[in-house]
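I opened my notebook to look up a few things in this structure, one entry at a time. Come along and check each one with me.

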Amino acid sequence: MTSKEALEFAKKNDVKQLDLRFTDLPGVQQHVSYPIGELSESSFEEGFGFDGSSIRGWAAINESDMLLVPDPATAILDPFFEVKTLVMICNVIDPITRQSYDRDPRWIARKAELYVKNSGLADTAFFGAEAEFFIFDSVSFDQNAHEGFYFIDAEEGRWNSSRKENNLGYRPRYKEGYFPVPPTDHHQDLRAEMVETMGKVGLDIECHHHEVATAGQCEIDQRFNTLTKSADNMMLYKYVIRNTAYQYGKTVTFMPKPLFGDNGSGMHTHQSLWKGGKPLFAGDLYAGLSQMALWYIGGLLKHARALAAIIAPTTNSYKRLVPGYEAPVNLAYSRRNRSAACRIPMYSASPKAKRVEFRPPDPSSNPYLAFAAMVMAGLDGVLNKIDPGEPLDKDIYDLSPEEMKAVPSMPSSLEEALSAIEDDHAFLLKGDVFTEELLENYIAYKRKNEADAVRLRPHPYEFALYYDI
């Protein structure tokens, strides 16, 4: 929509409220609402003032005044609010310079798209991310000076098979939830309603299914789109999933590893470059790839340890990224091997379907930052003709210790990932897509509020290991 069309859309649908949304640095969407009468055509230029000093990872108190400028192309009717509400995603603007705010994640994604075009290599980067999630029935947690705990329950959880009351059975076994029909799959109707709601707000959905883990692990696949649009769609996807589940009395988490002993949730990210409406990753080399695609893979693999700080950005991420388990920690590429960090899907021979799937990301990441960082790494590979080496088509888990030493791996902790991006981030600075100031702020925030905060606190399992030592 244009600004005029957004105003006409609001009038036609008898909208009463306006809801403006944006995303903080860690990747949580924020909002502020106004009576619809506050929206006029000038609002799309002048914006709405707000205090940015309390937004995580953003401005200091002395430079807190900011503007939210709505993007009319993102306008939808909220499917959950009782009062009819027009929702738009906003760009964050400095009111003094009238420039985009450097810590606005959406601006970083938009700059990455500009960099793709200005590189001359391509004009469009397409992204399609598969964000997995868990549907639980209840969750409780706390941490203070003398106690720390979490408790999760799910009717579908295999641990409830021994329950005496109201027990009808039919629960996925651990690591065997991919993908039985109901009644073992408890959430077919809930996922179907999520998909129906997604269609109403403009998301293009390909399929949905139960995932590998017990206790309601699911996946709903969106069709690919351009970089910033895909990030916008991921925020809307999470919003619809959480609120639909909430209406059912359920709770959803995108934490990568909420359960011990079962699969975690990834966000496998398919990506490709196009120019003039033509795909650039199709060719006659390995797995039907072009030389550009192989160099792109080379960039992803070379910078993967630094990317980890953005694409697997939580301490919990590294409960999933553990060698020898389900996660793709091995920095190699393969046309079929899902334990490799880069996989080339072989479902279709069409050049338009040729893409690279990067498997280490998880859904705790900020999609604006994650997609931008990945395309910067890939383009660095193309510009510098980085050789990804030989493909790894063997079963990685069958390799000898000597062979495994030759296969590098992802970091094993958030602290290690933050150190990696400190040492390797020049590729992110090209085209001023990321800035030194933003990365320093991001690293400091993650180190203080997450890595150090978790490191300082006793872990419940430490009592089982050490209390009687």
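**Entry 1: two helices.** At roughly what angle do the axes of helix H3 and helix H5 cross? I looked at a predicted model, where local features need pLDDT of at least 70, side-chain atom pairs count only at pLDDT 80 or more, and totals for chains, interfaces and linings use all residues. Residues are numbered from 1 along each chain as its sequence is written, and side-chain values use heavy atoms, with hydrogens and water left out.

I found that the axes of H3 (residues 105-119) and H5 (residues 227-247) cross at roughly 150° and come within 8 Å. H3 is therefore roughly antiparallel to H5 (angles under 35 degrees count as roughly parallel, over 145 as roughly antiparallel, 65 to 115 as roughly perpendicular and the rest as oblique). Axes are lines fitted to C-alpha atoms, for helices over the stretch in contact, with angles from 0 to 180 degrees between N-to-C directions. Helices (H or I, at least four residues) and strands (E, at least two) are DSSP runs, numbered from the N terminus.

I then listed who touches whom: H3 brings Arg-106, Ala-109, Arg-110, Ala-112 and Glu-113, while H5 brings Leu-227, Thr-228 and Asp-232 (contact means heavy atoms within 4.5 Å).

**Entry 2: cysteines.** How many disulfides does a search of the whole structure find? I got zero (a disulfide is a pair of cysteine sulfur atoms within 2.5 Å). For Cys-207, the closest cysteine sulfur is in Cys-218, 12 Å away, so the two are too far apart for a bond. Cys-207 is partly exposed at 33% relative accessible area, and Cys-342 is buried at 0% (buried means under 20% relative accessible area, exposed over 50%, partly exposed in between, with a 1.4 Å probe and protein chains only).

**Entry 3: the loop between S9 and H4.** I noted that Phe-179 sits between strand S9 (148-153) and helix H4 (188-200). The peptide bond from Tyr-178 to Phe-179 is cis, with omega near -20°. Pro-183 is in the loop between S9 and H4 too, and a cis peptide bond with omega about 10° joins Pro-182 to Pro-183. Tyr-170 also lies there; Tyr-170 is not a glycine, yet has a positive phi of about 55°. Tyr-170 is exposed, at 53% relative accessibility.

**Entry 4: another positive phi.** I found Ala-215 in the loop between strand S10 (205-210) and strand S11 (217-222). Phi of Ala-215 is near 65°. Is Ala-215 buried or exposed? Ala-215 is buried, at 0% relative accessibility.
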